[in-house]
Amino acid sequence: MQDLVNFRDLGGYQAQEGKKVTHGKVLRAAQPIGLSESDKNTLLKDYHLKKIIDFRSQQEVVEKPVDTLSGVAYLNIDLMKDIQSGTSGLADLSKSASVSEVDKAMQTIYGELVLDKTSQKGYANFLEQIIMQEEGAILFHCFAGKDRTGVGAALILSLLGVRQADIVYDYLLTNTQRQETNHKMTTFAASQGMTREQLLALDRLLSVDETYLGHAFSNIKENYGTIQTYATEALNFEQDKQAYLHKLLLTD
């Protein structure tokens, strides 16, 4: 059994009109696999989890299916299906790239996550799922809970009017919360003969950086102007839906 890695509640951040994001509604994590009984109880009894949204590819899902939880619906939304530099490309990067090459590749991926049509349809579906879930919580995840999940969290918090500094803070928490897991992965890679440069690149690949998320937001600004316009035009998440998201996820 293992603990749920990179887990957190998006609730508590200061939002628009003096309101705060409601606790216990929208949760993010790495893939929920091999969960301890304690974690299962936390999700089911404390958070009243009703749905898991999995951003991973079909290959990832088949290789490592998520835990089945009683009374919890499951939906797979493959965000990177049509992105050429997808998860298989990232695996290759960790073996041959330098830190600077990883940075360049990650910025490209973050740009594609907000501009690729399939990815946009995926995030559109994700937002629809959230506003349909009036009772209980939704947990969304990818493999590490850092990139596809990180952009998803940033989109929600942005639409709720959370300050950019807080959005970045939540995003960068990944580096703290994945520290132990990442250390195990790099230690194993070292035992398999990875060079120092490869290990540095792998560590970078397992981490997040403010410039990555910044690249996604700059692409949104350049192509759509505001996050609200992006949601309306790219995600078909119109103003009435955005208003309902506020009603559902903001509290005094």
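**Figure 1. Helix 6 against helix 7.** Helix 6 and helix 7 (residues 164–177) pack with their axes 10 Å apart, at an angle of about 155°. Axes are lines fitted to C-alpha atoms, for helices over the stretch in contact; angles run from 0 to 180 degrees between N-to-C directions. Helices (H or I, at least four residues) and strands (E, at least two) are DSSP runs, numbered from the N terminus. The angle makes helix 6 roughly antiparallel to helix 7 (over 145 degrees; under 35 is roughly parallel, 65 to 115 roughly perpendicular, the rest oblique). The crossing of helix 6 past helix 7 is right-handed. A crossing is right-handed if the near helix is turned clockwise from the far one by less than a right angle, and left-handed if anticlockwise. Helix 6 contributes Gly150, Ala153, Ala154, Leu157 and Ser158 to the contact; helix 7 contributes Ile167, Asp170 and Tyr171. Contact means heavy atoms within 4.5 Å. By class, this contact of helix 6 with helix 7 has five nonpolar, two polar and one charged residues. Ala, Val, Leu, Ile, Met, Phe, Trp, Tyr, Cys and Pro count as nonpolar, Asp, Glu, Lys and Arg as charged, and the others, Gly among them, as polar.

The model is predicted: local features need pLDDT of at least 70, side-chain atom pairs count only at pLDDT 80 or more, and totals for chains, interfaces and linings use all residues. Residues are numbered from 1 along each chain as its sequence is written, and side-chain values use heavy atoms, with hydrogens and water left out.

**Figure 2. Helix 6 against helix 11.** Helix 6 (residues 148–159) also packs with helix 11 (residues 227–235), at about 115° and with axes 9 Å apart. That makes helix 6 roughly perpendicular to helix 11. The crossing is left-handed. Leu155, Ser158 and Leu159 of helix 6 meet Ile227, Gln228, Tyr230 and Ala231 of helix 11. The classes in this contact are five nonpolar, two polar and no charged residues.

Figure 3. Two strands pair if DSSP finds at least two bridges between them. Strand 4 (residues 49–54) and strand 5 run parallel, joined by four bridges. Lys51 has Ala73 of strand 5 as its bridge partner.
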